[in-house]
Structures are given as structure tokens and as C-alpha cells.
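Please look over the sequence and the model, then read on.

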2 protein chains.
Amino acid sequence: MNPELLISTRTRKTPFSSRVAACGAKAYTVYNHMLLPAVFLSLEEDYWHLCEAVQVWDVSCQRQIEITGKDSQKLVQLMTPRDLSQAEYGQCFYAPLCDENGGMINDPIIIKHSEDHWWLSIADTDVMLWAMGLATGFILDVQVSEVEIWPLAVQGPKAEELIKRVFGEEIRKIRFFHSRKMNYGGNDFLVARSGWSKQGGFEIYVNDAELGVQLWDELFSKGVDLNVRAGCPNLIERVESGLLSFGGDMGYDNTPFECGLDQYVSLEADIESLSIDALRTRPVKTRLMGLVMEKQVKLKDLRLMNDGKVIGMITSNTWSPKHSVHLAFAKCDIGSIADVQDLHVNSSTGEVPAIITKLPFNFESLGL
Amino acid sequence: MNPELLISTRTRKTPFSSRVAACGAKAYTVYNHMLLPAVFLSLEEDYWHLCEAVQVWDVSCQRQIEITGKDSQKLVQLMTPRDLSQAEYGQCFYAPLCDENGGMINDPIIIKHSEDHWWLSIADTDVMLWAMGLATGFILDVQVSEVEIWPLAVQGPKAEELIKRVFGEEIRKIRFFHSRKMNYGGNDFLVARSGWSKQGGFEIYVNDAELGVQLWDELFSKGVDLNVRAGCPNLIERVESGLLSFGGDMGYDNTPFECGLDQYVSLEADIESLSIDALRTRPVKTRLMGLVMEKQVKLKDLRLMNDGKVIGMITSNTWSPKHSVHLAFAKCDIGSIADVQDLHVNSSTGEVPAIITKLPFNFESLGL
């Protein structure tokens, strides 16, 4: 049983909060000082529905940090070790942000509107403050602000059909991790093929609260036969899909390599990035790994044990109804991963054996 | 009825979380990515107990941003317009942090350990990221980190008696907003006479999780006759006392003057602070004011109306059991405050008249 959440003006509401409540949101979390629904019916019912139909998610908490001005590209590139020099307008870049020591600050989606206009669609840390500090210290010609954008995600196998009914056939042309400005009620909403699930779908960057609510209602009225429901990022789905949560599965102490984000670090590129030198030399101390357990586990604590020794900490875990196994992510001591003899987690009923594997999970090769 | 809070590793637990749950915490909020209990019995029962006895609060979420190194004092002074040049070791400074435009970033308690060792005991924004950005940009010789300190507050009229029983008579010598290192279990805990209530008390900066839990238990075992209970910052008490919450009652858009923090801005001092020039010239657009209503109000929305026009937004509100009035803070348009004719708030049963007053509330002059 979860405790209650005391809502205040500090835990900000969104333009969709009354709709979300009316749709029966049972539990929330707080993300970027804003309400994010976390459960509607139950984690498992929400999960099956997401995998089979279509859901509308109030992910307003994916705040947009807008960077404008002459030095915008310079500032954004300083913040990430991913090479953005070839970024096309409207392209979405998943990118780690890292400090001078290579430690991660956040893992946003970066969207380039133009050379001097960027958005960082951020995870749960105040990236704006870091960007402002850098801009002030380096005396950059930029403006940094959190803008009034409230993303709505439409996720699930029937998301494309639903989005098409509202925005027209043109949305089919939007490639994965690309975006397009689409007219809605006389306004331009940026619509991207993206979202924090692996069930397919879109994110709509709502820039007008009233029109946003109108859009919410239209998605529901046009999606009745698709069994559309309000939903939210789902723990089960995202663990099965290997999607990481900043602040939970990775944090300030980790480099992108420790989180398996190697492909988003452009070590070979000639870029001016704060972290690139550190990332070339800093030793990788831990690695985020997957764990598979045969039975459903109620964890007693988060330690991962090997032969009586702690070799890692569990960061997320869930029962997988699809694969009938218990899954977890664990931050593991890099030296201990190769030499695993007797791996187990502590459950409330005793020790439970676990298999360690790379992320994302490859259920086929695991025989699941 | 409050919704549920879904707890994850991202909404961090504290060394005291199991104790807090065992004491019956009903509701939480999330503050600096960490659990902060918000209700035990009920807001009103918790309130009366705080005003009459003594409570132990898990305020681990008041994270300590530690700044060390040769340029520490320089960096801290850059961040705040409050003159810290005369700061004594161990003194606690409530201070707004402001950006180049005079906009507030946070309102921490700043503690000077030595010239090159400072703590910022922060409200709910990632001050560490701003400090890191500034340090990087200005190439300052500092280390900035969030350290493993979990403050425990002991608040209420019987707090001094309880703290004395644990730490000895010496604690009586600690003046308001001063601190002292006190031995506990062979360890040094910083103990300050401070806390987020006006009922008196102390904050203990626990730097050892295990000893902290031992201290928690000792406070309870030695406080039985004082009717000690677990508690938390209480909405009713803090509104009556005029204590502001960053992110709710004030934010990035406000200067300290707009929040009534005039006394914490050293406009006349010769200090190197990022915001001091802007604060000398930036117009004050809004002002945080107090509202008093005769009856208990269930707000329909947060608008404060004068003669049919919106002149402000309510940021916090509560029924005051002690004064039998409904109290609120409201961010008001500065031009409209003087000329108030027909002030009211929108309640779920219609318009309710309100009286506007300065903060903190002066109940005597209000005839309450």
C-alpha cells in the first residue's frame, strides 16, 4: 500500500491535471517539481493496456529548457559529449549531459529548432540552473529559460492510428526521433515520433494550455473504438524495455559508459564539450546490468550479493507478466561482473538466485 | 482525499525512512528528489502537537551542498546578494540566492565552517548544478558536491529540554541561528538552533546514518514524558508564522524584494555578487501579501480578485485553528495593492471577502 502524496503549489499541476484526476489517476510521483501520474488501474493493468491499445500520457513534467541566442549551439555542445554538429532541424537527440569530470547531469532529448534555438526535454534535475551557471561564467550570449510547454505523449500500438485521426495522414511521414510542426486549432504544435515506452507513439509539445485540453478531449473522443485510456510511463514496460530513469538507475556519480550509453558519447569527434577529455580517460567503475529471477520477488533491501559479498545495488525492479520472470536493473561493481559464482538478491522470504545479463534484456537469448 | 505517492529509488529514502513509516507517516511530499513526510495524524492534530510539545522531523531533504577549496567564499558570495564578509564560523545565514537578473534560485541556510568550507542547506531546487556551472565557467578553485548529511529537526516548545537530555547543558548556550559541534557516539554532529517553524528548536546535521538512527531512538526514549512524536514541517504552523516555501510562494521569476526578503539583500555593501547590480535597479512588480478570511475556505481556483479583476495568485492557504480565520499568501500585482476596494477569493461555494495585510501576519494588530 502506498502512502499519500500531499499536493501543494510547489508540486506543480499541469493543464491536464483535472483530466488526469477525472480519468482516475490513483498514484503520482513528483518529477521536475511537477505532478506525474504513476498508476491508473494498477501497474499491471496499465501495462497490458499500454502494450495492446493506446494511452494518452500527461508528461508535462518533461520540462523544456529553451536556449536561444547567438551562442546557443556552443552552450548545448558544451553540455553534452554527443556530437551535435550534424544535427538537423527538428531531429530529436537522446544525449547524456555531463560535467567536467564526465559525471552525468541529466539525459534529455535535445531538439534543434534552429542554430540559435534549442530545447532540452529534460529528466528530473534542474538542468536550467546548470545551463544558467555555465552561461554566466563563460559570458555566453544566450537566454536560458523553462518555457510553457506541456508535452502529451500518445503511446501504444494504436497510437499512430489515433494521432492520424487528429493530425492527418502527414504524421505517418514523421520518422522515429524526428519531429514536425503540425497545425492544431490555428496553432503549431511540434509533434515527434518518440516517447518513454517501446510500444511506439508520439509526443506532442503543447504550447497552449487551453488548446492542449481541447486536444486531450479530442484524442479521447476519436479513440473510443481504439480503447484509448489515460496512462503514464509504466514501471513494468520500461524495465522490460530497458529504459533508464535518471536519479534512479543513473546519477551524478556515473559516466554515460557506466550506464550503457556508450553510443551517445562522441569520443572521436572534434567537439568543444566540457566532459569529453574526462570521458576519454576516466575509469569505468560500475556498470548497469540486468537481473533475471525466476519468481516474483519482494525485495528486503537493494543489495546484490555474490558469494556473500555486495557487488551491486538494485535500482529498479518489477515482475514481468509477459515473460513470467522478475526483472531488475543493478549498478554493479565492474570488477565483479565477470566473476559471478553465486548471485542472489535478498527477498523478504530469503535469498533468491539471479542471473546477470546485459541491457537491454534480450529475452530470446535468455530463452524467455 | 489525497492520491497515492509511488515511491521509487528516484524519490530517495533517508536513513530515517523506516522510523518515519513506523511512526505512522500518512502523507509525503518530494523535496530535492527525496521523501519528506507531510502528515502524521492530520494537519491539524500535528499542528497542535507541534505548538504544545516536541516533534522529531526527518528533514534529510534539506540537502547540504558543500563548497570547499580556495575560492569557496568567492563562489558563495557570487551566489547571494547578502553580505557574507562578516560571517562567523558556525553562524547560520538565511540568504536568497539570485541570478544575474536578480531572480531567485533558492533560499538556503548558509553555514560557514571555515573560509574554504561552506554548506548551503537548500530548499527544493538543484543549487549544486548552478554552483557547478558557475565554478566551471568562472574557472574557480572549488569542489561542489551534495554531501551525505541528513538533518534531523527537533521542534516545539519542549525541544530544548529534549535536546538537553541527549546532548547536555551546553546546548543552552547555542544562540538562535548559531551552531556548535556536539559529540554524539564518538562523532561530531553540528547542532544549530534553527528550524522551519516558529515554535523553537534545533537542527542536528547527522553525518552518520547508523548513529543518526540511534539518535532518533534516543530522542524518543528520552522524550516519553515530553510527549515526543514524529512530525514534519506543518502547513498550518508555517503559514501562521509567515514562513515561505521556495517553488510555491516564490520562484525563479521573483526578486527577494518581491518576497519580502528585503533585509537579506545587502544593497549598500561592497560585495562581488552576481545579482547585486540588477537588484539595485530592477522594478518590483509583485509583492507577497497575507490574506485573512473570516470563514474556512475551500478554494475553487487560486485567483485573488479585486473589483472583478485578477490582482494576484494565492500560493499557500490554510485554516488557522488558533485564530479561527482562513489565512493565505498571495503574489499580488504591486500596483493594485494600495487600491483595494472589493477583495475576494473564489471558493467552491462562491465569492469570499478577504482582507489584505503585510507578512508576517500581525494577529494582534488584526484584532485576532
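Two strands are taken to pair if DSSP finds at least two bridges between them. Strands themselves are DSSP runs of E, at least two residues long, and they are numbered from the N terminus. The model described here is predicted.

## A hairpin in chain A

β2(A) and β3(A) run antiparallel and are joined by 5 bridges. One of the pairs across these strands is A:Tyr28 with A:Pro37, its bridge partner in β3(A). The hairpin of β2(A) and β3(A) has 2 residues between the strands, and in this hairpin A:Asn32 takes a positive phi near 50°.

How many of the 6 residues of β3(A) are buried? The count is 6 of 6, so β3(A) is largely enclosed by the rest of the structure.

## Where the two chains meet

Strand β2 (residues 27–31) of chain A also pairs across the chain boundary: 2 bridges join β2(A) to β1(B), and the two strands run parallel. In this pairing A:Tyr28 stands opposite B:Leu5 of β1(B).

Contacts between the chains involve 40 residues of chain B and 40 residues of chain A. On the side of chain B that touches chain A, at least two residues each come from β1 (4–5), β2 (27–31), β3, α4 (127–137) and β19 (309–320) of chain B. The largest share, 8 residues, is that of α4(B). Sorted by class, this side of chain B has 18 nonpolar, 15 polar and 7 charged residues.

## How the copies are related

Chain B is superposed on chain A by a rotation of 180° with 0.0 Å of shift along the axis, at an RMSD of 0.0 Å. This is the relation of a two-fold axis. Both copies use the same surface, since 100% of the contact residues of chain B recur in chain A.

## Helix α2 in both chains

Helix α2 of chain A spans residues 43–52, and its buried residues include A:Asp46, A:Tyr47 and A:Leu50. Why are these on the same side of α2(A)? They cover an arc of only 105° around the axis, which puts them there. An α-helix has 3.6 residues a turn, so residues three or four places apart point the same way. The face of α2(A) turned away from the buried side carries A:Glu45 and A:Glu52, which are exposed. Packed against the buried residues of α2(A) are β3 (34–39), β4 (55–58), β12 (150–155), β16 (229–231) and α7 (235–240) of chain A.

In chain B, helix α2 (residues 43–52) has B:Asp46, B:Tyr47 and B:Leu50 buried. Seen down the axis of α2(B), the buried residues fall within an arc of 105°, so they line one face of the helix. B:Glu45 and B:Glu52 are exposed on the other side of α2(B). The cover over the buried residues of α2(B) includes β3 (34–39) and α7 (235–240) of chain B.

## Domains of chain A

Chain A is divided into domain 1 (17–62 + 149–239), domain 2 (64–147) and domain 3 (242–357). Between domain 2 and domain 3 of chain A, the C-alpha centres lie 27 Å apart. Contacts link 24 residues of domain 2 of chain A with 23 residues of domain 3 of chain A. To the side of domain 2 of chain A that touches domain 3 of chain A, α3 (72–79) and β8 (104–106) of chain A each supply at least two residues. By class, that side has 10 nonpolar, 8 polar and 6 charged residues.

## Strands β18, β21 and β22 of chain A

Strand β18 (residues 299–306) and strand β21 (residues 343–347) of chain A run antiparallel, joined by 4 bridges. A:Asn306 stands opposite A:Leu343 of β21(A). β21(A) also pairs with strand β22 (residues 350–353) of chain A, in the antiparallel sense and over 4 bridges. There the bridge partner of A:Ser347 is A:Gly350 in β22(A). The hairpin joining β21(A) to β22(A) passes through 2 residues.

## B:Val213

B:Val213 has its place in helix α6 (residues 209–222) of chain B. Is B:Val213 buried or partly exposed? B:Val213 has 16 other C-beta atoms within 10 Å, and is therefore partly exposed. Apart from neighbours within four places in sequence, B:Val213 is in contact with B:Pro15, B:Phe16 and B:Arg19.

Methods: Residues are numbered from 1 along each chain as its sequence is written. Chains are lettered from A and ligands numbered from 1 in the order in which they are written. This is a predicted model: local features need pLDDT of at least 70, side-chain atom pairs count only at pLDDT 80 or more; totals for chains, interfaces and linings use all residues. Copies are superposed by least squares on the C-alpha atoms of residues with pLDDT of at least 70 in both. Two residues are in contact if their C-beta atoms, placed from the backbone, lie within 7 Å. A residue is buried if 20 or more other C-beta atoms lie within 10 Å of its own, exposed if 12 or fewer, and partly exposed in between; C-beta atoms are placed from the backbone. The arc is that of the directions from the helix axis to the C-beta atoms. Domain bounds come from an automatic or database domain assignment. Ala, Val, Leu, Ile, Met, Phe, Trp, Tyr, Cys and Pro count as nonpolar, Asp, Glu, Lys and Arg as charged, and the others, Gly among them, as polar.
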